[in-house]
Amino acid sequence: MQKKNKNYLGKTILSLGLALSMFGGFSTSAFAAPVATATVNKGVNFRADQSTSAPVWGFVKQGTVLPVEAANDYWVLVDYNGKQGYVSRSYVTVHENKPAPAPAPSNPAPAPAPSNPAAGGSLANKIVNTAASFQGRVTYVFGSRDQQRLRLDCSSFTQYVFQLNGVQIPWGSKAQAKLGSYIPRNQLQPGDLVFFSVSTPGQINHVGIYIGNGRFINNLPNKGVVIGDFNSSYWTSHYITGRRI
């Protein structure tokens, strides 16, 4: 019988203990392989929420390998049969996948001044300045949304930046990609969310914030919050879509 626990992912997310070399928005995008997977050790119920009283959407057989979106000590958020739901951590083993690292930009552009991100300017400018203010302060941890200690993954970082500016968006790059309106690549403006596939071609698993002039800011494994060259060959080939909230 699966143990009921109140330490929900939506409240306290604990690190999977995975140190990824170059992610995917954890941290997650369009690809052939997810950033992490969970192998079912014993048949387990696939539930709508993190509770043994939550509705059961299905039963996952032993040996099934599931793409992982997030996890804590008790529950794992996975993709199964076209849905995102939860399985008990006691019934699965989580494995890290290590995509190839993104090349470092040859001449990274300077960050916009983050001295007072909350003061003046449009909402988009505030979002950009808030994001830039976290450079050198955030530790990338896959599956973490620890705002107090600034231990975040790619999508919990973007979520926190928007939250600080009065805009509530969900955690998870795939969930964030469903928000707002589609923006063509050549019409992106500062503050737009940009999504990438960095692990399995065709699936969103990484997210950043466009800051203008061919640059975007994102939270990466082993690097933290950095500004990237949006027009580099790596990011151009892994780009999926842009959204304006």
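Hi everyone, let me start where two helices meet: from α1, the residues I127, T130 and A131 touch F157, V161, F162 and L164 of α2. Before I go on, please keep in mind that this is a predicted model.

So how do α1 and α2 cross? Their axes come within 9 Å, at an angle of roughly 125°. That angle makes α1 oblique to α2. The crossing of the pair is right-handed. For those of you who like to set this up as a geometry problem, two packed helices are described by the angle between their axes and the distance between the axes.

Now, which residues of α1 are buried? Helix α1 covers residues 123–132, and its buried residues are I127, V128, T130, A131 and A132. And what covers them? Helix α2, residues 154–164, is part of the cover. The cover also includes three strands, namely β13 (206–212), β14 (215–220) and β15 (224–229).

Those strands bring us to the sheet. It is an open sheet of six strands, paired antiparallel, and reading across you get β11-β16-β12-β13-β14-β15. At the edges stand β11 (181–182) and β15; each has a single partner strand, so one side of each has no neighbour in the sheet. Further in, β12 (residues 193–196) and β16 (residues 239–244) run antiparallel and are joined by four bridges.

Helix α1 touches β13, β14 and β15, and its direction makes about 115° with that of β13. Helix α2 touches β12, β13, β14 and β15, and its direction makes about 45° with that of β13.

Let me zoom in on one residue of α2, which is S155. Is S155 buried or exposed? Its relative accessibility is 0%, so S155 counts as buried. And what does S155 contact, once we set aside its neighbours within four places in sequence? The list is W171, G172, S173, Q176 and V207.

Let's move to another part of the chain, and to a hairpin. Strand β5 (residues 75–80) pairs with strand β6 (residues 83–88) in the antiparallel sense, over six bridges. Within that pairing, V76 stands opposite V87 in β6. Two residues lie between the strands of this hairpin, and N81 takes a positive phi near 55°. While we are on strands, a quick reminder: in a regular strand the side chains alternate between the two faces of the sheet.

T39 and V65 are 26 residues apart in sequence, yet from C-alpha to C-alpha they are 4.5 Å apart in space. Leaving out neighbours within four places in sequence, T39 has contacts with G63, T64 and V65, and also with Y91, V92, T93 and H95.

To finish, let me step back to the whole chain. How many helices and strands does the protein chain have? Its secondary structure comes to four helices and 16 strands. The chain has 245 residues, of which 53% count as buried. Its accessible surface comes to about 10900 Å², and 49% of that belongs to carbon and sulfur atoms.

Conventions
Residues are numbered from 1 along each chain as its sequence is written. This is a predicted model: local features need pLDDT of at least 70, side-chain atom pairs count only at pLDDT 80 or more; totals for chains, interfaces and linings use all residues. Side-chain values use heavy atoms; hydrogens and water are left out. Buried means under 20% relative accessible area, exposed over 50%, partly exposed in between (1.4 Å probe, protein chains only). Contact means heavy atoms within 4.5 Å. Accessible areas come from the Shrake-Rupley method with a 1.4 Å probe; for residues, only the protein chains shown count as cover. Two strands pair if DSSP finds at least two bridges between them. Axes are lines fitted to C-alpha atoms, for helices over the stretch in contact, and angles run from 0 to 180 degrees between N-to-C directions. Angles under 35 degrees count as roughly parallel, over 145 as roughly antiparallel, 65 to 115 as roughly perpendicular and the rest as oblique. A crossing is left-handed if the near helix is turned anticlockwise from the far one by less than a right angle, and right-handed if clockwise.
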